[in-house]
Structure formats: structure tokens, C-alpha cells
Amino acid sequence: MQLGVIGLGRMGGNIVRRLMKNGHECVVYDRDPKAVGSLAQDGATGVKSLEEMVQALKAPRAVWVMLPAGGPTEDTVVALGKLMARGDTIIDGGNSFYKDDIRRAKALEARGVTYMDVGTSGGVWGLERGYCMMIGGDEKTVRRLDPILKTLAPGAGDIPRTKRPKDADPRVVEGYLHAGPVGSGHFVKMVHNGIEYGLMQAYAEGFDILCNKNSADLPQDERYELNVADIAEVWRRGSVISSWLLDLTAQALAGDAKLAKYTGAVADSGEGRWTIEAAIEEAVPADVLAAALFARFRSRQDHTFGDKLLSAMRSKFGGHVERKG
């Protein structure tokens, strides 16, 4: 199947590579000509403008936008909407706010252009592992693009099957979900990222407690010099709190148990804030998620070992680079 992809950064580039590896045809565009040229060498069709992209795609066209939320995505969707024709589809695979999806879809509807939002989880590991996707849009459009989605998804793998009703959607076992109408995909991904904040904060605080068990403020016979790298490794094997985030934590600590290259200034990318806003709108208590978000704000003023561990996890799963100073 043919797909246009705009935005060839950490995730966009690997999305293209995974698709081409499995026989799909990709037309690619990025403001950085080097990113386009690199994928063109791998077999993609590189273009120099949105106009060229639309011309290079066969109708009905589908273009996947993989850009930062906000202005870059907004401007690109608006420009594409003016170029594309009835029956074409624009896919936002980034981390846009779900209310923006709803607004964009309504604006495009007048031209007969459909809109799909795809919350995409997998980070820099997606090329190898595949991407967990949460999709919002009409069923007809989602079904038409199923070959693309199925290729990007991780597949069932060797994860034990949950006992599910016979009429349950089989796609979720493969790692992708049609959550509902436009906006629902990014809403589910938003809450996913809010939960991610809480999980990461729990690991960070726990390891901070372990790391400080040799504090001079404790009685001598209660001080332990604990090997946190070994603790992370043993917890990966059969413990209740094992997870991919713990796998990445173990990798980071094995490389440097002091995490010296991280300052501990932890960024937040927006979804955590939006999750708390949704909780407020719904009057749903979200104590842990709110505390995890506020802990990131605090980390930019006073850095602990736990903050460094948060930075390390973000670097490992998403290639996120913290700001210095």
C-alpha cells in the first residue's frame, strides 16, 4: 500500500523503514533534506514540498503527519487540507490534543477529506518492536488503511492471550485499537502517557530510597550500600513490578549506576497536563498522576537521583534529550 509520511524524526523515519521493510511504498517529506535523502537511499520516494507529495500519491491518498503537537502539526494539516481531494485521508500520528483533532476533522469534512488520529507508542524502538496504536476515526477509513496499521503494529507475539469474548475485536491482540470516532485515539494515548508519568515516578522514587539507604543521617547499623543496578536486574525476573520501563531502567543503571550524564531536569511533553485537565473536567480523582506531573515541575529546580532515573528512562524509550541548565 502507498503512504505519504511527513516528519522523518526519531519515530517518523522508523515508521517509514518498517513499512518499506514489509513491502509498502512510501513518499516522504521533511524540512531537512538529509532526512529525506537518507530514506530515499533506502527505497522511499523523496519529495521537496507538500505539493509534490500530493502529486506523487495515487488517489485515494493517505498522508501520515508525524510532527510535534501544536503549530507544526496544525500548519501542516491546514496546508494539506487545501491540496488533497475528496476521499483522501490525513493521519495525525503525533501527540496532538484530542480536541484539536475534533476541530480539524470538522474543517476538513467540507472538502470531503477524512481525518484519523493515531496515538502511537513505541518510541525509538518501534522499528524493531512495532508500534502500539490507538486510533480515532470512522470505521470505513480505518478499515481501508488496515494494511498500514497492521504492518506498524507489534503483532500478537508471545504474550499470553487474555480470555476474551468471541466477538472481541481481534486487532487489539495484534497491538492496535480502533478506539472510536475522531479524537478518541489521541484521548486514549493521552491517558496512556499520564499513566506512564505515574509509573515512571514510582520507579524513580523507589530507586531514590534504595540509593539513599547509606545516608549519614541513618544509624550506622541501618546503612546499606545497595547495588541498584543488580536490584533492577533481579526485579526484571519474575517480580510483580517487572515491565519494559524496568528493563530500560536496568539498562541505564548497568551503564552507569550513578547516572552521571543526566542532570535530572525532567521535561513534560503536554499529555500529562492534558490528562489532569481531563480528570478535572470529569471530576475524577487523579492523585498519583497529578503528583507525578508536579514532581517533574519540581525536578527543574532541585535534582535528585530519582530525577536522573526519570531522565534515563525517557532517554532509553523515546530518545528524549533533556535541556541543560
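How far apart are the end C-alpha atoms of helix 14 (residues 287-299), and what span should its 13 residues have?

## Helix 14

The end C-alpha atoms of helix 14 are 18 Å apart, which agrees with the 18 Å that its 13 residues should span at 1.5 Å a residue. The expected span is 1.5 Å times one less than the number of residues. Helices (H or I, at least four residues) and strands (E, at least two) are DSSP runs, numbered from the N terminus.

This is a predicted model, in which local features need pLDDT of at least 70 and side-chain atom pairs count only at pLDDT 80 or more, while totals for chains, interfaces and linings use all residues. Residues are numbered from 1 along each chain as its sequence is written, and side-chain values use heavy atoms, with hydrogens and water left out.

L289, A290, A292, L293, A295, R296 and S299 are the buried residues of helix 14; buried means under 20% relative accessible area, exposed over 50% and partly exposed in between (1.4 Å probe, protein chains only). An α-helix has 3.6 residues a turn, so residues three or four places apart point the same way. The cover over the buried residues of helix 14 includes helix 10, helix 13 (271-282) and helix 15 (305-318), where contact means heavy atoms within 4.5 Å.

## Aromatic pairs

Rings of Phe, Tyr and Trp (its six-membered ring) pair if their centres lie within 6.5 Å; planes under 30 degrees apart count as stacked, over 60 as edge-to-face and the rest as tilted. This rule gives six aromatic pairs. One of them is F97 with Y98, edge-to-face at 5.2 Å centre to centre and 75° between the planes. F97 and Y98 are both buried.

Y98 also pairs edge-to-face with F187, at 4.9 Å centre to centre and 75° between the planes. That pair links distant parts of the chain, since Y98 is in helix 5 (residues 98-109) and F187 in helix 10 (residues 184-211), 89 residues apart. Y98 counts as buried because its relative accessibility is 15%, whereas F187, at 23%, is partly exposed. One aromatic cluster is formed by F97, Y98, F187 and W274.

## Charges over rings

A charge sits over a ring if NZ of Lys or CZ of Arg is within 6 Å of the ring centre and within 35 degrees of the ring normal. The charged end of R296 is over the ring of Y197, 3.7 Å from its centre. R296 is also among the buried residues of helix 14. R129 lies over the face of W244, 4.1 Å from the ring centre.
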